[in-house]
Amino acid sequence: MHFMSALTLLSLVILSDANNYNTTQSTIRRLKTHLQGETESAGISVDLTEGRQVNISILPMSISCLNAAEQTFTFSAGVNMKWIDQNLAWNKTEYDGIENVTISADYVWVPSVVIPNGIDNVVPTSAQPPVIYSEGVGKLLFLESFKASCQIDISLYPFDQQRCSVLFMPVNGYTLKVSKSSFGKRLPSFFIENSEWELVDILAKVEDVEMTSITNFASFEFLLKRKSMFYIVSIILPMTLLSLLNACVFLLPDDSGEKMSYLISIFVSYAVFMNFVNDSIPKSGDVCRLSVYLSLVLCQNCLAIITTMATLSNILLFQPKTGVQPADVQVETKSPERPCVKSAPNTRRTERVLFGVFLLLALMSLLVFCM
């Protein structure tokens, strides 16, 4: 008895689920006919005579590369396009409360864009079909890695900021608009930080153009700031110490005989260090301030070598001769030694002045980064 009751109940549940499934499928077929037409080839197009507008927005996901030599900017982002088409609206109460559907782009109108400053991928395509809502709102999402041309100025390197823009231009007779002009610090939580560049802001704007089939285009300008702490610690600080060591040569005593070898050691250290520095400087036709600073440090080292050579030559020129005299030659006690006695304090005073001058030159060279 109980077995027969359970079997009857199970049969009723199966029949109810089958009826609900058939009802849902029937509703989906009716909605599909409403959107696509009676045949699959009937498709729905939008009347663009009403000044159709498409809202475009961008969601950054990562900054991949900023290449100064190739003048390119590579990043990953999601581009969302939203528009309204009343021809695609339906009353959800008539279709069992269905609020949105995903439909093939072959049967509904979707906006097409090109990236005029793009490289490799000028016409982005979405791998996802558009989503249509019951209010007649359509949404299309692009998830891609974009590579665009960018005018990169490295004259302030390594304290430079770059502005790179990616342009979206409509191609099938509609106009673009942006809802948010600036991101500020409101970057998504899943954004992947770049080790060299900091994304400060994204400025969005729409610019009008006078063309037959294109009325405007949307521009998203990425404001990027280079992270300079690595360059300060690994390049600028060591080179500053080398330039300060140039001045210290004038603190060594003249009779030590180590002045020239001291300066040559600094010069060799500078040459070895430059092999590392050259790999980190961006390859570009512009001259950056770091290159100017390195050239100034090299000039200081060469000038210190020349000045030391001149100082040592001057000391040897006025040094008294102390050779052995014959016994029958009377030695005048008058004074070949007096000029030498006077020249020693003068030499020390000159070297102190040179130390101050070269120390000042080393510090003034850092002003290159403040100009």
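A residue counts as buried when its relative accessible area is under 20%, as exposed when that area is over 50%, and as partly exposed in between. The exercises below apply to a predicted model.

**Exercise 1.** Determine which cysteines form the disulfide, and describe its handedness and surroundings.

*Solution.* The structure holds one disulfide, and the cysteines joined by it are Cys150 and Cys164, with an S to S distance of 2.0 Å, which lies within the 2.5 Å cut-off. The torsion about the S-S bond of Cys150 and Cys164 is about -75 degrees, so the disulfide is left-handed. The pair links distant parts of the chain, since Cys150 sits in the loop between strand E6 (137-149) and E7, while Cys164 belongs to strand E7, 14 residues apart. Both Cys150 and Cys164 are buried.

**Exercise 2.** Identify where confidence is lowest and where it is highest.

*Solution.* The protein averages a pLDDT of 80, and 77% of the residues score at least 70. Confidence is lowest in helix H1 (residues 2-36), with a mean of 52, and highest in strand E7 (residues 161-170), at 94. Over residues 9-22 pLDDT stays under 50, and the model has zero contacts beyond four places in sequence for them. Where pLDDT is low, the predicted coordinates should not be read in detail.

Notes: Residues are numbered from 1 along each chain as its sequence is written. This is a predicted model: local features need pLDDT of at least 70, side-chain atom pairs count only at pLDDT 80 or more; totals for chains, interfaces and linings use all residues. Side-chain values use heavy atoms; hydrogens and water are left out. pLDDT is the predictor's confidence in each residue, from 0 to 100. Helices (H or I, at least four residues) and strands (E, at least two) are DSSP runs, numbered from the N terminus. Contact means heavy atoms within 4.5 Å. Buried means under 20% relative accessible area, exposed over 50%, partly exposed in between (1.4 Å probe, protein chains only).
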